[in-house]
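Thanks for coming, everyone. Let me put the structure up on the screen, and then I'll walk you through a few spots in it.

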Amino acid sequence: MAYTVRRPNLTFWEKIYLPNIIAGLAITFKHLKKMLKGETHVVMQYPEEKWDAHLPEYYRGAPTLVKDEHGRERCVSCQLCEFICPPRAIKITPGSIPSESKFAKVEKFPEAFDIDMSRCIYCGLCEEVCPEQAIFLRKDYAVTGESRADMVHHKEKLYELGGTMPDLVHKWNPEK
Amino acid sequence: MELLNTIPWMLIASSVAKTLFLIFLVVLPIVSYTVYAERRVSALIQDRLGPNRTGFPISLFGFKKDLQLFLGGLGQPVADAVKFLLKEEFTPAHVNKFYFWLAPVLAMVPALSTLAVLPFGNYLFGQKMVVADVNVGILYVFAIASIGVYGIVLAGWSSNSKYPFLGGIRASSQMISYELSLGLSAVPVLMIIGNLNLSDAIQYQIDNGWLLLPFTDGKLTLREFLLWIPVLISFIVFTISMFAETNRLPFDLPESETELVAGYHTEYSAMKFALFFLGEYAAMIAGSSIIVVLFLGGWHVPLLPINTLESSMTPGGIALGFLHITAFFAKVIGILIFFIWVRWTLPRFRFDQLMKLGWLYLFEIALVNIFITAGIIALVK
């Protein structure tokens with residue numbers, strides 16, 4: 001069955017169109033005037049003004065590695081994040097803890113931990129999968145570099161961005 | 001030797017000087033800064049800021065910060081021009097090469113040629129500030145301006161691809177439709193002035209007040225008051241047709257980017273695209289100049305003395321001559337700002353609405369307007 005679209009009944013002034021054009025021009029002029037007088041403040045001038053303070057708790061920025069309260073690296077090089085990473089941005093070279101340490105033969109540690117930020121999609125699966133709570137997505141979003149090599153975050157950079165996060169896992173601490 | 005003496009060297013030299021001054025010192029800078037104004041005004045209307053920080057990139061050469069010589073991004077047109085010059089000049093394999101290269105030229109040349117007959121100032125240095133003071137002025141403008149459509153049609157056709165082709169078709173039908181109302185709406189003005197020469201049009205407006213504001217000479221007779229009505233109608237029709245003629249929104253169907261990617265210049269890049277861009281804006285300037293000459297008194301400023309041929313060599317006369325040129329282009333820039341303002345206010349017409357408006361309304365209004373004007377001129381002395 002044919003459906004007839006009801007057209008609005010326009011008045012004479014709406015039909016000749018010019019008054020509505022003038023009304024429209026008045027609206028755009030109002031916006032222009034408010035901008036010129038500095039009354040509207042919508043745009044942020046990015047590098048000078050930032051929204052960082054307002055980022056939500058769950059914001060997913062660059063992935064980082066964290067240390068515990070004793071300055072020990074938490075990552076045990078289990079490579080779960082490497083396996084789950086959808087764009088395969090993470091590359092871990094596992095190594096053994098030296099035998100003089102009291103944690104020798106207990107766990108491994110990452111000799112190298114590289115995250116290719118030109119591949120990372122900030123999905124947060126690495127954070128979710130990590131059994132040791134060693135990798136977190138922090139609030140850094142301006143990841144730049146001048147070459148592909150620049151865009152790879154090595155272990156030192158990841159720890160520098162991550163810092164320490166105490167009181168998450170107690171397996172390293174002496175028993176009370 | 002005989003032949004050499006017959007060549008009017010003075011005339012040629014002054015014409016070349018005036019052309020160079022008009023194109024390179026006035027029109028092209030206005031074109032590039034109209035593009036800048038377009039971006040800034042559109043941004044401000046939409047509560048944004050627009051390009052506001054372009055400086056000279058001396059940080060490329062090891063300096064710590066870029067040089068912010070121009071405030072508020074005024075260097076943007078320079079950066080744009082450099083960008084267009086440095087980009088890859090790409091010609092697709094499937095195009096008709098000869099016409100593909102010809103089209104940008106044909107878009108640019110007519111727009112600049114129309115400037116030849118525009119009186120952009122009074123006497124200066126003993127010269128009348130118009131490149132060619134011909135007595136078919138307005139006819140020449142219409143004739144050359146309508147050649148501008150060939151650039152667009154050829155671009156659309158030679159690109160050998162569907163969107164440019166549709167853009168070219170739309171451009172040709174739109175230009176033909178609006179050329180009629182454009183010409184017809186200028187007729188009442190020419191009937192009132194009684195002359196096709198644009199310098200005489202300005203002289204008439206100096207003596208009797210600007211056509212759109214007939215009280216600028218200090219008095220408003222009954223005849224002027226009655227003629228005001230057809231002049232107003234004619235101004236509105238002329239301006240609307242000029243929007244369509246220069247492919248400005250709300251009539252930019254040849255390049256409507258929501259439907260046709262970029263319309264007729266989809267396949268163009270780098271300087272060839274820039275020529276279309278410049279041509280479009282130069283056509284806008286030419287169009288606004290015609291509006292200024294026909295309706296807004298050209299370079300005339302009320303209450304300001306007017307140079308004669310003799311006084312234009314004195315220092316005061318030179319200052320006055322430059323003031324008149326400035327006044328002319330100030331009016332043109334005013335109209336350009338209005339063009340931009342309208343562009344960021346109105347949405348694009350549908351194609352059938354465009355055709356309906358052109359053929360069923362503007363054409364008839366312009367035609368009837370001629371008879372109204374003729375009646376008033378015949379009956380009221």
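Here's a question to get going: is the crossing where α2(B) passes α11(B) left-handed or right-handed? It's right-handed, and by that I mean that the near helix is turned clockwise from the far one by less than a right angle.

Quick housekeeping. This is a predicted model, where local features need pLDDT of at least 70, side-chain atom pairs count only at pLDDT 80 or more, and totals for chains, interfaces and linings use all residues. Residues are numbered from 1 along each chain as its sequence is written, while chains are lettered from A and ligands numbered from 1 in the order in which they are written. Helices are DSSP runs of H or I with at least four residues, strands are runs of E with at least two, and both are numbered from the N terminus.

Back to that pair. Helix α2 (residues 9-45) of chain B packs against helix α11 (residues 315-343) of chain B at about 35 degrees, axes 10 Å apart. Axes here are lines fitted to C-alpha atoms over the stretch in contact, with angles from 0 to 180 degrees between N-to-C directions. On the α2(B) side you'll find Val26(B), Ile30(B) and Thr34(B), among others, and they meet a set in α11(B) including Phe329(B) and Trp341(B). Contact means C-beta atoms, placed from the backbone, within 7 Å.

α2(B) turns up again at the other chain. Between the chains, 10 residues of B are in contact with 11 of A, and α2(B) gives the largest share of B's side, three residues.

Last stop, chain A. Ile115(A) sits in strand β3 (residues 108-116). Why call Ile115(A) buried? Because 27 other C-beta atoms lie within 10 Å, and 20 or more makes a residue buried. Ile90(A) is 25 residues away from Ile115(A) in sequence, yet 4.5 Å away in space, C-alpha to C-alpha.

Terms used
Contact = placed C-beta atoms within 7 Å. Buried ≥ 20, exposed ≤ 12 C-beta atoms within 10 Å, placed from the backbone.
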